[in-house]
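Q: I'm new to this one, could you walk me through it once it's up on the screen?
A: Gladly, here it is.

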Amino acid sequence: MNTAHMKPLLATFSPGSTHVVGDGFHVRNLFPSNDIGESISPFLLLDYAGPTRYGPRATPRGVGEHPHRGFETVTIVHQGRVAHRDSAGNSGVVGPGDVQWMTAASGVVHEEFHEQRFSEEGGVLQMVQLWVNLPARHKLSPPRYQGIESAQIPRVELAGGAGHARVIAGELGAVRGPAVTFTPINVWDLALAGGSQSEFTLPLGHTAAVVVIEGRASVNGSPALEDARMALLDVDGETVSIAAQLDSKLLLLSGVPLGEPVVSHGPFVMNTGEEIRQAIKDFQSGRMGRLA
Ligand code: MN
């Protein structure tokens, strides 16, 4: 392993909280419950839901009507199917391998439920929801919805049969992911073979973290990390070296930090307290829309 340009390991984390979102998403939160703040900007939140087996039920579990403003929610489904509907008129089902990239920006009201047939049949739900902050100048842009199907996500085979990377956002070598983003970020879904060692090069100046979804892996010399553990790397350096001790699924995140104040209040993430008060007023007065 070439350590000259390796991004220094800052810390590793276990989930800082576990909770249930609505009644359908049993999540382990890696941040912000672990207070890592700007060191992973522009990412704000990472909930790892499941894997949880839900029994059959006629009425889908999930979370009803709620707002978001000032950022994007990114839902990456590994197992199960989630149905979404929002006040901007978008709806869709996110199944295994699919990604939903929802830009709340100026504000949407949406609901997230287990898809009807998945609920009736029962099964395992395993997914990640990531919140990506928006730069101040785009926080009040119109909402946008990208329903990205598994087949649209390019897959890069790694050297030496080490596995593959699905490029959801950003660029790996010459391969560009389909997600349109407001600032430069990489979101890569990695499947690595046990016993493999892989090296990735990130642009200079990116924050970075690697989350183990399943398996066991070391990142830039960290202790072995199992499921729902995360390695946080320094903004310095360029390379990320991952040694997988077992067949592993991981999520690699990186991005240019925004360097702007973050004021959050539940589902609203703005730059000032005044903007939060305005968001609450706008939601309460129906200016973020309603579900039909
Ligand atoms: Mn939501």
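**A chat about the model**

A: A polar contact of 3.1 Å links the side chain of H66 with that of E112, and please keep in mind that this is a predicted model.
Q: Where is H66 found?
A: H66 belongs to strand β5, which covers residues 62–68.
Q: Is H66 buried or exposed?
A: H66 counts as buried, because its relative accessibility is 17% and the cut-off for buried is under 20%.
Q: And what is H66 in contact with, leaving aside its neighbours within four places in sequence?
A: With those neighbours left aside, H66 is in contact with V108, V109, H110 and E112.
Q: Switching topic, which residues touch the most other members of the largest nonpolar core?
A: In that core of 30 residues, they are F31, F43, L46, W101 and V187; a second, separate core has 24 residues, including W188 and I242.
Q: What about the peptide bonds, which ones are cis?
A: Among them are the bond from S41 to P42, with omega near 10 degrees, and the bond from G50 to P51, with omega near 0 degrees. P42 sits in the loop between β3 and β4, whereas P51 is placed in strand β4.
Q: Why mention that at all?
A: Because most peptide bonds are trans, and most residues other than glycine have a negative phi.
Q: Then which residues have a positive phi although they are not glycines?
A: N220, at about 50 degrees, is one of them, and A228, at about 65 degrees, is another. N220 lies in the loop between β20 and β21, and A228 is placed in the loop between β20 and β21 as well. N220 is buried, with a relative accessible area of 8%, and A228 counts as buried at 1% relative accessibility.

Conventions:
Residues numbered from 1 in each chain as written. Predicted model: local features only at pLDDT ≥ 70, side-chain atom pairs only at ≥ 80, totals over all residues. Heavy atoms only, no water. Helix = DSSP H or I, 4+ residues; strand = E, 2+ residues; numbered from the N terminus. Buried < 20%, exposed > 50% of the residue type's maximum accessible area, 1.4 Å probe, protein only. Polar contact = N/O pair within 3.5 Å; in protein donor to acceptor, adjacent residues only side chain to side chain. Contact = heavy atoms within 4.5 Å. Core = buried A, V, L, I, M, F, W, Y, C linked by side-chain atoms within 4.5 Å.
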